[in-house]
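Hello,

Here is the structure I promised to pass on. My notes on it follow below.

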Amino acid sequence: MKIIERNQCFYCKSPIKNLLVMEEFPIFMGVTSQDKKEDVLVDMIFAKCVRCHCVQVRNLIPLEVLYKDSHNGSVGKIWLEHHRHFSEFILKHASGNVVELGGAHLILANHLEKSEKIKTITVYDTNITGAPDSEKVMTKECFFDHTTVIDTPDAIIHSHVIEHLYDPISEIKSMANLLTEGGKMIISAPLINNMLNDGFTNAMNFEHTYCLSKALLYAILANVGFEIIDECQFNKHCVFVSAQKNNKVQKVTNFINDPECFLNFVKQNKEQIRQIKDQINTNKENTFIFGAHIFTQFLLGFDLPETLFSKVLDNDPAKQNNRLYGTSLGVASPVILKGLESPLVVLKAAMYTEEIKRDILENINPSTRFIL
Ligand SMILES: [Zn+2]
């Protein structure tokens with residue numbers, strides 16, 4: 001595998017300087033049944049642009065390797081609610097023929113097709129898992145390629161795609177080229193800076209390779225010729241934006257990012273690992289870590305020893321009885337906590353933490369103790 005090295009800032013093309021190296025980090029944030037020695041580990045290097053200060057990941061994994069096995073597990077309540085709200089926001093602004101990038105589950109597309117305003121929705125994803133509710137929803141099982149779009153779309157929509165782009169400016173620009181003047185791009189994007197501020201370990205990684213903030217999102221859109229016409233803050237960590245193609249829009253120069261959120265995140269995590277180690281007071285058989293995902297890989301990457309835990313817990317049946325990629329830890333359902341006396345669970349699952357904790361205490365084992 002040939003790593004793609006980002007040697008200059010994706011935004012302003014200035015040099016970047018290393019801030020933090022997490023050596024030999026798993027490139028896949030999910031589970032596997034393969035032999036451990038086949039796991040691919042690459043140094044995760046966080047670097048800062050010397051000019052605009054944007055924090056970004058230096059080593060990039062070729063897309064066909066990174067997304068070889070989808071980790072789109074089941075869709076939780078939060079996502080269902082997100083897609084419902086985002087579809088309402090889209091319908092305020094879009095009509096006619098719509099192209100969606102990502103959207104494997106077809107949840108958004110199936111919401112939108114119910115509206116009379118929408119004529120067709122063509123969904124591009126490498127791993128389509130949903131079934132279309134009607135013939136208005138069409139699928140293309142591949143990475144988005146602007147040369148395969150036949151008719152001029154009236155709107156291009158994407159949810160949680162922009163943070164995955166290695167070169168968002170040129171990629172958004174090539175999407176914009178498909179639209180005529182006045183065409184819409186409607187985006188749902190995570191606010192990586194706010195996620196870092198709240199200590200979310202799923203904020204930046206090999207998939208989300210730069211620190212997206214609302215200001216940076218607006219700057220990217222302006223610089224490729226979009227005028228922002230509406231915004232809805234879905235929650236602290238996610239924003240919906242509707243933008244309209246407008247060749248008279250003013251470009252943003254001299255944009256400076258705030259790198260403090262990343263530096264504080266690193267400081268917080270190192271302190272947290274110290275606290276977790278201090279709080280683990282049970283034997284390995286009674287100690288678990290939740291999440292067969294990046295959350296756990298990140299804590300281990302910050303030097304939390306995996307030997308402290310007997311299993312990784314995860315609610316997704318598709319992940320259970322596999323191994324967390326890049327580790328020796330097996331994955332089990334939280335149901336295995338049943339009957340154990342005061343088991344201890346390290347649970348750092350960002351926005352999912354409360355939902356998971358409540359489920360374990362109410363439905364599995366009320367004596368469970370958590371390190372949150
Ligand atoms: Zn820069």
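The chain has nine helices and 19 strands (DSSP runs numbered from the N terminus, H or I of at least four residues for helices and E of at least two for strands). Its radius of gyration is 21 Å, close to the 21 Å from the globule rule for 372 residues, so the chain is as compact as a globular protein of that length (the radius is taken over C-alpha atoms, and the rule is 2.2 Å times the number of residues to the power 0.38).

This is a predicted model, in which local features need pLDDT of at least 70 and side-chain atom pairs count only at pLDDT 80 or more, while totals for chains, interfaces and linings use all residues. Residues are numbered from 1 along each chain as its sequence is written.

Strand 14 (residues 287-290) runs parallel to strand 18 (residues 344-346), joined by three bridges, and Thr 287 stands opposite Leu 344. Strand 14 also pairs in the parallel sense with strand 15 (residues 311-313) over three bridges (pairing requires at least two DSSP bridges). Here Phe 290 stands opposite Leu 313. From strand 14 the chain passes through helix 8 (residues 294-301) to strand 15, a right-handed β-α-β crossover (clockwise from the first strand over the helix to the second, with the strands pointing away from the viewer).

Phe 290 is also among the residues with the most contacts inside the largest nonpolar core, which has 98 residues (buried Ala, Val, Leu, Ile, Met, Phe, Trp, Tyr and Cys joined through C-beta atoms within 7 Å; buried means 20 or more other C-beta atoms within 10 Å of the residue's own, C-beta atoms being placed from the backbone).

Regards

Technical notes: Buried ≥ 20, exposed ≤ 12 C-beta atoms within 10 Å, placed from the backbone.
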